[in-house]
Every structure is written in C-alpha cells, then in structure tokens.
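Please read them beside the structure.

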Amino acid sequence: MKSSLQVHDAKLMAESRWLIGLDEVGRGALAGPVFTAACLIKDDFFQNEDNLSLTSKFRDSKKMSEAKREEAYESLIHLKKRGAVDFEITSASVAEIESLNITGATRLSLERSLKALSARQPAYSQTLILMDGKPLKDFPYPHQAIVGGDDLSLAIASASILAKVARDRFMYSLGERFPRFEWHKNKGYGTRLHREQIQLTGACPEHRALFLRKIINK
C-alpha cells in the first residue's frame, strides 16, 4: 500500500466485498446547493498497482490544492471508466435547503447519491457504507460513521474530492450570472467581501435566506 488511507480501507475489505464512501460539500456556504458524492471501491481495487498509484495522494479535499483536487477528480473518472470504482454526484438545491433546512437537504442529497449508485450495482447488498462525520439517525442505508473520515478512508476522501470539485465548478458557472459576489474566489462561503457585498447590494436568488439573517439585519 502507498498511503494510510489505502491501508485503512484495504483492511475493511476483509469484512465486506465493496466499500462506499460518502461525503458532502457546501453545508456551511451562504449560497448555492449542497453537493454530495458516493464513491464505491470494488473488491479487487487494492490488488492493482495502477489503482494504488493513482490514489496514493488522495486525502480530505479541503487539504488539497485546487490543482491536486482537479487531478484527483480526473483520476477517479479514469478509474470509473476502467471499472475499478463507481460514483454518483448529486445535490440539493437552495429551494430544498430553504424547505428542509440544511440537515434535511444534505440528507436528501446523500440518499440521491446512494440510490443512483445502488441501482446499477448488483452486489450492493454486500457493501459497507462509510460516512464522514457522525451517523445519521433513521437513515435508510445502514452505515458506519467516521469523524474526520475524509482524511482516514480512501473511499470517503474520494467522495470528498468528487463533491468538492463538482460544487466548485458549479459555483464558478453560477458566479458568471452574479459576478459581484466573486463566487469564483469564495465558492459561496461567507468571506468578508461576500458578506459586505450582500449588505451593500442585497442577496440574489441563489443565496440561502435562512443563512443571511444576521448579515442582512446588521
């Protein structure tokens, strides 16, 4: 093995045929959807040196440079085409966040990711699901939660990378419609400039109204 994350998940393969890592990105942002990803690692993954080499530098996406995340994202696309992994990236909209709150919307997106992934994987019932953070109560998919899992488990780190790159790309595109908020720099998070611009010009339809109360009411 080339990394501690690979070693961690290879050991878990003794208990289960496949692994699925889950993670979310954008939970704390002021604008834009929350994105989630489910990444499945198949049983023979760790017997292939090319697989190990391509994923040896994977870790929590927040601790990787943008260039390294993009490189890792492309590696995962390559691995998916080869059949070594499978993944699904989904999201919950600003409207769904307003309706369900951020916890409910994140849960909805996680369910969407898993449902889409399970629909095309016949051995899904033999899969261990790993989730970053704390376990979700009454979640329809049995899972094991790992605090800090995106820097401990290769499957979770892969999901973290997928969700992060997908959301960042979405926010770059969305930012072209609302350039004054500089989402190409802050990805919708509450930087000082972003907050100041909201106070100066008001929010746009892609902002999460419930997240802006303290900012707008100052």
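1. Glu-66 counts as partly exposed because its relative accessibility is 38%, which lies between the 20% limit for buried and the 50% limit for exposed. This value, like the others here, comes from a predicted model. Glu-66 belongs to helix 3, which covers residues 66-82.

2. How far apart in space are Glu-66 and Glu-182? Their C-alpha atoms are separated by 17 Å, while 116 residues separate the pair in sequence.

3. His-194 is a buried residue, because its relative accessibility is 0% and buried means under 20%. Helix 7, made up of residues 192-201, holds His-194.

4. Which residues does His-194 touch, leaving aside those up to four places away in sequence? The contacts are Leu-30, Ala-31, Phe-181, Trp-183, Asn-186, Gly-188, Tyr-189 and His-207.

5. The largest pocket holds about 410 Å³ of space. It is lined by 21 residues, and those closest to its centre are Asp-23, Glu-24, Arg-27, Thr-106 and Asp-132.

6. Sorted by class, the lining of the largest pocket consists of nine charged, six polar and six nonpolar residues. Asp-23, Glu-24, Arg-27 and Asp-132, named above among the residues closest to the pocket centre, fall in the charged class.

Key. Residues are numbered from 1 along each chain as its sequence is written. This is a predicted model: local features need pLDDT of at least 70, side-chain atom pairs count only at pLDDT 80 or more; totals for chains, interfaces and linings use all residues. Side-chain values use heavy atoms; hydrogens and water are left out. Helices (H or I, at least four residues) and strands (E, at least two) are DSSP runs, numbered from the N terminus. Buried means under 20% relative accessible area, exposed over 50%, partly exposed in between (1.4 Å probe, protein chains only). Contact means heavy atoms within 4.5 Å. On a 1 Å grid over the protein atoms alone, a cavity is a set of points where a 1.4 Å probe fits but cannot get out, and a pocket is an open set with protein on both sides within 12 Å along at least five of seven lines; lining residues have an atom within 4 Å of a point. Grid points are joined across faces, edges and corners, and a volume is the space filled by probe spheres set on the points.
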